[in-house]
Structures are given as C-alpha cells and as structure tokens.
Protein chains: 2
Amino acid sequence: MLKNDLVLRAAKGEFVERTPVWVMRQAGRILPEYRAVRAQVKDFKALVKHPELVCEVTLQPVDILGVDAAIIFSDILVIPEAMGLNYEMVEAKGPLFPNTIKTEQDIDALRIDNMEEALDYVVQSIHLTKRALNDRVPLIGFAGAPWTIFAYMIEGKGSKTFSEPKKFLYTQPEWSQKLLQKITIATISYLKAQIKAGADMVQVFDSWAGILSYDLYKKFALPCIQQICDAITEVPVIVFAKDAHFMLGDFKNTSADVIGLDWTMDIQAARNLYGETKTLQGNADPCMLYADLPTIRKETTKMLQAFGSQRHIANLGHGVYPDISADHVKCLIETVQTYKW
Amino acid sequence: MLKNDLVLRAAKGEFVERTPVWVMRQAGRILPEYRAVRAQVKDFKALVKHPELVCEVTLQPVDILGVDAAIIFSDILVIPEAMGLNYEMVEAKGPLFPNTIKTEQDIDALRIDNMEEALDYVVQSIHLTKRALNDRVPLIGFAGAPWTIFAYMIEGKGSKTFSEPKKFLYTQPEWSQKLLQKITIATISYLKAQIKAGADMVQVFDSWAGILSYDLYKKFALPCIQQICDAITEVPVIVFAKDAHFMLGDFKNTSADVIGLDWTMDIQAARNLYGETKTLQGNADPCMLYADLPTIRKETTKMLQAFGSQRHIANLGHGVYPDISADHVKCLIETVQTYKW
C-alpha cells in the first residue's frame, strides 16, 4: 500500500485532496548529489547500467525535492541498444549511433525477442528502487515512443529537423512500418517487464512528435501509441508527445490515461477537449524556473488554477534545464503541494 | 506594371486565376548555379554584402524554378550587425556572436538611427534586383521578427531551447522591453528602406516564435509584430511565426495581410479562424520534397484543395532543405501553377 498515491489516483481520475507533482526527468542534472554519484562512473551509460547507483539517483529527488512520484533513472535509447543498435552518449553533445538503419536487411537484423534479458539491468534497478522507496511514492517507468526511437535509429544522433527519418517515411513507407512495428513490440515487452518489476505507472515520451505533420503522425506514429496503450492494461499510461499540438484531438480516442502537455499548449482548450476522459499532465515552461521565487509562485498558482483541482498532475512542460537551481524547483513543488483549493 | 502580380493580388485578397507559389529562402542551397556564385566569395556574409552577386542569386530561382515572386537574398542577422552587434557565419554551424547582450549598458550602446546607411548594401541589392527582374514578378523584402533577433543577440548562436533569452525575459522584463523596442524601431526603418528601394511586399520571419509560451509571446513578441504591421502601410506584410500555433487567434487582430503556416498547422482550422480577413501562406512539409514525383504531385494537390483557390500563397511550411533536388522543387511549383480550379 502506497503511503502517497496521489499521482496514481489523479491518473485514474479518482478524487485527490491536492494536486500531485513531479518534474520531468527529475533525477540528476540539477542536484549536486546526483553529480557526485555520476562522478563515480566513467559515463552516463555506465550509470544507467548500474542498478545500485540508479536506485540512489532515482531516490534523490524524492528525498531532496519532495516530489510525489519517482521516475526510474534511465534513457529512452536503451531500446535500440537492446535491439542490437549500439549507441554512445557523447558528453555535452548527446547520443551518437556508429551504425544507423539504412536497409531492409538492417531492420530484419534487429532483435525483439530478448527485451527482458537485454534490459535486465533496468528490471534490477526497478526491484532495488521499489524496495528502497518503501511505498512512500509511486515509481514511474518509461520508454521512448516508437517514432522517436525510429528517428534516432535512422538519423543516428540529435537533429533540428530529423530529415533523414522523415525522408525514410516518405521514401520507404513499408520498411518504415516494419521498423516501427518492431520497435513497438520491443517497447511493449520492455514496459511490461518494468511493470512486472514494480513500476506503478509508465510514461511514453514522444520527444520528436512535433516535427511530423498531422498526416505523417496519424499514419505512422499514432498506431504505435495506440498499440502500446491498448497493451498496457496493468497500470496507468501517460503519453507525452512534445510539440504535437495537432494530435490532441486524436489522442482522445486512445486508451492513454494521462496526456502530457508542453508549455505551448492551451490548458483550457485541452480541458474542454478531453472533459472527464483524460487526466492532463504539465505544463510549466522550464524557463519559468529561472525567474525569482515570487514569480515562480505566481506562475505555478496560475497554472494550478487553469487546470483545476482534479485530473491534473503538475509538472513542467518538458525536462528541467541543467542550470536551474534546486531551490527554484522546490519552490514550484511546494507551491503545488501547499495550494489550498 | 508587374507582368505577374499574382502573389500581390493574393496577399491583398484580390481575385487570382490560379494560386501563386514561391519557396521559402528559395535562393541558394539547392541550386548548383547558386553554389557557383557562392564559390566566388570567401563566405556567406561576403555574398550578402555584394549587391551584384545578391542580384544574381535572387534571380536564379525565378529563371530556373519559375517561382511567382523573388525574395531578396540576405540574412535576418544584418539588423543586429547594423545596430553594432557583429556576428560571424560559421560554415555548417550557423551564426556566432563574439559579444552578446548582457547588461542595460549593452542595450543602450546599440544604434538604431543609422539603418538606411548601415544596410545600404541591401538597398543597393534591391535596386539592382528590381532593375534586373524587369517587372516579371514581385520582389519580397524581409526582416527577422524582433523576438527572434533578440534571441540571437542574447544567446549568441543557434540553440534548441534559447534558454538564455527566455531567462532574460523572465529575469529582466524591463531591459527586455527596451531591447525589443530598439530592435522593432530598427526593423521598421530597415523594412521601409527596402520598400523605398523597390520591395513589393515584406515578410517578417519569427523563426523562434514556437519556443515561447502564449503568455510570453503575447507580452513581449506580439506587440513588436503589431507595431511593425501598423507601421508598414505601403505594401502587404506577411507574418510567419514558426511553430506558434498558439498565436493564430491573436494574429487575427494584427494588421498583417498574410499569415504563414508551418506544416504542423491545420489548414482548415486556420481558414475557419481567419475567414476573409487574412491570406494564408504555406504549408507543405519541406521533407515531403524527398518523396517521388507522383507523391509530390499528390501532396501538393491535397494542400491546394485544403486552402482553396483564393487567399492562398503556396509555399513550404519552412525553408527548403539543402539536399533536396531542384527537380522536386520544380515539381511542386509546376503542380501549383498548372492546377485547374
């Protein structure tokens, strides 16, 4: 029995006494305690693969910031690696894949039957973290959405336009469907393994949703999201498709429990659209945390009032920036947790 | 008297026999003829400051691709330079400002009274180009929107998040207004100089509009756009605020003649919103031009039908990518120009 299950109740549309809050990709980055752990291993990937350290950095935001949920410390790119496409995390530059997907043979060579073994380090991390959390707050598991994973597997690195994977959709629609389908199946196995290990909820991050047009997203990306949401019946599912303002209407017809909004999205319009059918998550501008504490309190309160007291999980509209002071993040969290409805 | 004034008539909401088309930042990039000219000078900036060569590359897309308007070859960052903030264009990396705006003194030091002289090379380029065009098609002038220029002046380079200028808005709102106001005044002088030299229409590019929230855009960026649109009464004004889906409602109340849509924006929703009050420009996905010719024809036709026969200037939803084949761009242009309503 969780001592604080506000996030789960909000996700399911059950009554909450106050709005729950967590902060996207909260572990690491802003906390000196995180950087101390990070310094014990040679690189980011070594940390992700080290269950004891993952457990430690996953708990830090719960202990230090007082958030209402933990999210397992990991990376969305563990999936391509488990499928056979290795990557490096280049300091200050981001991911780099020495090999990318170019041909149908490349797609055929990818494995999807070994997720639980290949990603056993995540499963072990979740086991340890659940034990260490001792039912204080829920633990969120996560995966990248298939389109975003596809984008990295073809582009091989970060990009402003991701024109290579988009070109692939336009020029190789059948191979694209085949690859997206393989990623979707692998992702479902992976999320189910996380849930079996103890994840109380899962989030699907579609970080590069916003560079697709409505037609491309609907044809290629949405069916994968739908398949994942339909397959995960054990726990609530959050879908966060950054910048995909054009998909909010179609997400209504998925079985997602929670829809994440980025800070450009109109809260009232989303509320009117979804009514009582979905919980909403978000959506403070990460840059707002650069402001002084009175401004953070004022902006956070404004956000709370716009979402209303129920069916809302307070969060940023994207990940916290690394140079934000922990005190400013705490101010947002405390403002949410002490707000009197 | 222009021989082909379709773009101007469409911008003003007058009847057109067929939809006009141009391609954003069309000069250069995709044409071997451009690269040949570019090779004659040491770098991009040298080209921008060379009126004869600017004239030559501005005309290339008219001669080779057959577009219905020319757009003067230049860069949005000529304004900060004219104000006293120099930049370099680093090959394959983009702009880099050795000095950025950090203090109120930095803002006070910027000049705004010398635009016509400081940007005389653009004025000369427009004179030459108008003569060379010989009234075949209109010539479009342009400037960056004040928020986008502000973003570069503070960040000093391209960025995924532009967190520095956003931090500036949150932490120094008064200095921000002061700087935006100086940029706005400089931009209006610059656009008026372009019009006096012969520009038949102007476009304001707000390339980084989409990283602001509605509240920030409304408070800081929109008033500048409004001021520019109100000041430019001589020729039609196009406002293109990329990714600013959340501003379409407010743009209705500006005196812009044309609103540019990126490829994530819903054509029908924009049409319903604006009715007969604005012409729309856009909005094919630049990546669509990677597809085969039958797909390009099909997608272009679908776009034309969604916009309808009047009050539409066909274009991409953002700039053409450098590795797109000229034949594919021509296919889009010919599909628009031969479509029978």
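## Two helices that cross

Helix axes here are lines fitted to C-alpha atoms over the stretch in contact, and angles run from 0 to 180 degrees between N-to-C directions. In this predicted model, local features need pLDDT of at least 70 and side-chain atom pairs count only at pLDDT 80 or more, while totals for chains, interfaces and linings use all residues. Residues are numbered from 1 along each chain as its sequence is written, and chains are lettered from A and ligands numbered from 1 in the order in which they are written.

Let's start with α9 (residues 146–155) of chain B, which packs against α11(B) at an angle of about 120°, the axes being 9 Å apart. Helices are DSSP runs of H or I with at least four residues, strands are runs of E with at least two, and both are numbered from the N terminus. That angle makes α9(B) oblique to α11(B), because angles under 35 degrees count as roughly parallel, over 145 as roughly antiparallel, 65 to 115 as roughly perpendicular and the rest as oblique. On the α9(B) side, the contact (C-beta atoms, placed from the backbone, within 7 Å) is made by B:Pro146, B:Ile149 and B:Phe150. Their partners in α11(B) include B:Leu179 and B:Ile183.

## How enclosed is α9(B)?

A residue is buried if 20 or more other C-beta atoms lie within 10 Å of its own, exposed if 12 or fewer, and partly exposed in between. Ten of the ten residues of α9(B) are buried, so this helix is largely enclosed by the rest of the structure.

For contrast, look at A:Gln181, in helix α11 (residues 173–197) of chain A. A:Gln181 counts as partly exposed because it has 16 C-beta neighbours inside 10 Å.

## The nonpolar cores

A nonpolar core is a set of buried Ala, Val, Leu, Ile, Met, Phe, Trp, Tyr and Cys residues joined through C-beta atoms within 7 Å. The largest has 127 residues, and B:Ile79 and B:Trp147 are among those with the most contacts inside it. Helix α11 (residues 173–197) of chain B gives the most to this core, nine residues. A second, separate core has 124 residues, including A:Cys55 and A:Tyr152.

## A sheet in chain A

In chain A, seven strands form an open sheet with parallel pairing, in the order β1-β4-β5-β6-β7-β8-β9. Strands pair if DSSP finds at least two bridges between them. The edge strands, β1 (70–71) and β9 (312–316), each pair on one side only. Further in, three bridges join β6 (residues 237–241) to β7 (residues 258–260) of chain A.

Technical notes
Contact = placed C-beta atoms within 7 Å.
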